[in-house]
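Dear colleague,

Please find below the structure for your review. My findings follow it, arranged by region.

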Amino acid sequence: MSASTRWRAACLLVAMACSGQDVLAQAPAAAHPGAQQVQTLREIALFPHSDAFPAEAKVQRLSGEVMIRAGVLASGKWVDAQVETSSGSAVLDDAALTVVAGLASKPRDADALPVQVRVPIGFSLDSMQTLPAKTCEEFNHDFAQYRTLKPHATADDMRVFDLVSGIWMATKGTMALDTIKSLPSAPAKVASTCAKRPRAKFMDTFMEAMR
């Protein structure tokens, strides 16, 4: 993930985490009547405090993203939802389908054609409230679990780095621009350091990697 992409993702994830709200009711309306292309909607981000976050995923500390594809009828009802891109976990995939089953869009003209939409659903283990206490040992466990789901994944793919990057940018303000070049390499540095120092605080390790 590029520094600019992570910057945008981090800002969005921090904004949602700070609000303490999920965005189930904030998904954009479906495409306009007659639209034939598949629209990709804004991500629905779920945190452990959400009722939609499966209990089993909390216990196993599962995180990841699921891309769901569904049809939207003229009535606004979402139908025929299916997993287009799996998280690697059946628990998260099933939870994402349950979330989409509860979505609805604004009704359109009665004779409007059904439209197809994609909606990414992200499951994040960490939040603004829990991240300061996170240890490297916990990160190591989360990373190992993530690699179980996504064998070819790297630390850079983990959602926790979007969140901690946003916290870092909010803390540094305009000064963050001076060290943004360090952002792409920070996840690998953190993973390496945490493997050697499991008792260290995760956020402290990240801040060190950004110096």
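The N-terminal end of helix H3 is capped by Ser89, a side-chain oxygen of which lies 3.2 Å from the backbone nitrogen of Val91. Such a polar contact is a pair of N or O atoms within 3.5 Å; within protein, one must be able to donate a hydrogen and the other to accept it, and residues adjacent in sequence count only if both atoms are side-chain atoms. Helices (H or I, at least four residues) and strands (E, at least two) are DSSP runs, numbered from the N terminus.

Please note that this is a predicted model, in which local features need pLDDT of at least 70 and side-chain atom pairs count only at pLDDT 80 or more, while totals for chains, interfaces and linings use all residues. Residues are numbered from 1 along each chain as its sequence is written, and side-chain values use heavy atoms, with hydrogens and water left out.

Val91, Leu92, Asp93, Ala95, Ala96, Val99 and Val100 of H3 are buried; buried means under 20% relative accessible area, exposed over 50%, and partly exposed in between (1.4 Å probe, protein chains only). An α-helix has 3.6 residues a turn, so residues three or four places apart point the same way. The cover over the buried residues of H3 includes strands S2 (44-46), S3 (64-72), S4 (78-85) and S5 (115-123), together with helix H2 (55-60).

Val38 is located in the loop between helix H1 (3-19) and strand S1 (39-40). With a relative accessible area of 25%, Val38 is partly exposed. Contact means heavy atoms within 4.5 Å; not counting residues up to four places away in sequence, Val38 touches Arg69, Gln116, Val117 and Arg118. The C-alpha atoms of Val38 and Gln116 are 4.9 Å apart, although 78 residues separate the two in sequence.

The loop between S5 and helix H4 (136-149) holds Ser124 and also Asp126. Ser124 is buried, at 4% relative accessible area, and its side chain makes a polar contact of 2.7 Å with that of Arg159. Asp126 is likewise buried, at 8%, and a polar contact of 3.2 Å joins its side chain to that of Lys134. Leaving aside neighbours within four places in sequence, the contacts of Asp126 are Phe47, Arg61, Leu131, Lys134, Val160 and Leu163.

Arg61, one of those contacts, lies in the loop between H2 and S3 and is partly exposed, with a relative accessible area of 26%. Most residues other than glycine have a negative phi. Arg61, however, has a positive phi near 55 degrees. Asp80 in strand S4 also has a positive phi, of about 55 degrees, and is exposed at 66%.

Finally, helices H5 (residues 160-172) and H8 (residues 202-209) pack at an angle of about 70 degrees, with their axes 11 Å apart. That makes H5 roughly perpendicular to H8, a term for angles of 65 to 115 degrees. Axes are lines fitted to C-alpha atoms, for helices over the stretch in contact, and angles run from 0 to 180 degrees between N-to-C directions. Val160, Phe161, Val164, Ser165, Ile167 and Trp168 in H5 meet Phe202, Met203, Phe206 and Met207 in H8.

Yours sincerely

Technical notes:
Angles under 35 degrees count as roughly parallel, over 145 as roughly antiparallel, 65 to 115 as roughly perpendicular and the rest as oblique.
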